[in-house]
Amino acid sequence: MRLIIDAHEDIAWNILTFGRDPTRSVAETRAVEASTPIPLQQGEVLLGYPDYVRGGVAVAFATLHVMPERRKLHDWETLSYATQQDAHRLAQAQADAYHRLVDDHAEKFQLVDHQAALREVLETWSGDPPRAPRVGLVLLIEGADCVRQPDELHEWYANGVRIVGPAWAGTRYSGGTREPGPLSSDGRALLDIMADLGMMLDLSHMAEQAFFEALDRFPGTLFASHSNVRALLDGSPTPDRHLSEAMIRRVAEREGVIGVVPYNRFLKGGWLPADGRAVVTVELLVRHIDHICQLLGDARHVGLGSDFDGGFGLDQIPAGLDSIADLRFIGDALQRSGYKPADVDAILSGNWLRILRQGLPES
Ligand SMILES: [Zn+2]
């Protein structure tokens, strides 16, 4: 079975915001939610354990994500914070949700916080079909205001977090999406402690100035978990959310990887749900992947970062994809457009595997 690693999923945010159960199938959750407001608020669900298994999605980078109150759009967005104390409490609740998930469903999900855990998870996917596959979760802080002081990172590390994205919106540490700015002095301290601890850096959402400063300062493993190609997004309301050619080149120079996002607004500038799914195809996602590969001259620096169920659902992903099980169709589309099987494997899992083998601690 061809395996997939997905570098961005807000699983705990869904557990705590909507009471979703990631051990259920997508079909089951859709049936349960049909009589609730959730499909209209967030869209129909895309994540569920049986669907990970059908799709060969063996590892997901699983976020602790909270948003500042100033960016809250809906009443149902309950995980928003006014103070860093709130942010800390809400992110801690998400860490607890992941620990409960892997404790209560050890046969389905496993925390991947060191190399042996990664090997164990991959081992469960051998055999065709695999007998008892477990989805590995690598914990990722998205927006670091939940870290109340830079040296509190030691506690987050002890709690299993291995990746930090300093920004979402702007944070105390870094300029962010629609809030341009540099790294703050605390942001520089944060990166230094991350480097000491051996944590990985997620550059997605960092404002351009902070992004380049972080690349200069941080010596460790880095990547952009979920970002697309700015040059292909004329008409996007958030061009700063995506990567310029210079940003893509710098990530690649550091042997980083860019996770492209199968989210229609990030594939076709100016797309709105009213335009319908049919006008956005998987081929459009292949164009983003191919742009990065052509620019760099290889297929070693791009992967997938679906962001599935991260504020959007079924009605906002490309036509032809129905759930996490269908990420494999992106591989089929790459092969149809001439990509060799080895390059498809690198894009679907190999490049992220290289990052994890380099960036996770031995024990
Ligand atoms: Zn995000």
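Mentor: Among contacts between residues at least 6 apart in sequence, 73% join residues at least 24 apart; a contact here means heavy atoms within 4.5 Å. This is a predicted model, in which local features need pLDDT of at least 70 and side-chain atom pairs count only at pLDDT 80 or more, while totals for chains, interfaces and linings use all residues. Residues are numbered from 1 along each chain as its sequence is written, and side-chain values use heavy atoms, with hydrogens and water left out.

The protein has 13 helices and 13 strands; these are DSSP runs, numbered from the N terminus, with helices being H or I over at least four residues and strands being E over at least two. Its radius of gyration, taken over C-alpha atoms, is 19 Å, close to the 21 Å that the globule rule gives for 363 residues, so the protein is as compact as a globular protein of that length. That rule is 2.2 Å times the number of residues to the power 0.38. Of the 363 residues, 60% are buried. Buried means under 20% relative accessible area, exposed means over 50%, and partly exposed lies in between, using a 1.4 Å probe and protein chains only.

Let us now look closely at helix α1. Seven of the eight residues of α1 (residues 11-18) are buried, so this helix is largely enclosed by the rest of the structure. The buried residues are Ile11, Ala12, Trp13, Asn14, Ile15, Thr17 and Phe18. What covers them? The cover includes the strands β1 (4-9), β2 (57-65) and β6 (135-142), together with the helices α3 (38-41), α4 (49-55) and α5 (84-104). After α1 comes Gly19, whose phi is positive, near 65°.

Helix α5 has 21 residues and reaches 30 Å from its first C-alpha to its last, close to the 30 Å expected at 1.5 Å a residue; the expected span is 1.5 Å times one less than the number of residues. Buried residues in α5 include His88, Leu90, Ala91, Tyr98 and Leu101. An α-helix has 3.6 residues a turn, so residues three or four places apart point the same way. Ala93, also in α5, is partly exposed, with a relative accessible area of 29%. Ala93 and Leu64 are 29 residues apart in sequence, yet their C-alpha atoms are 8.8 Å apart in space.
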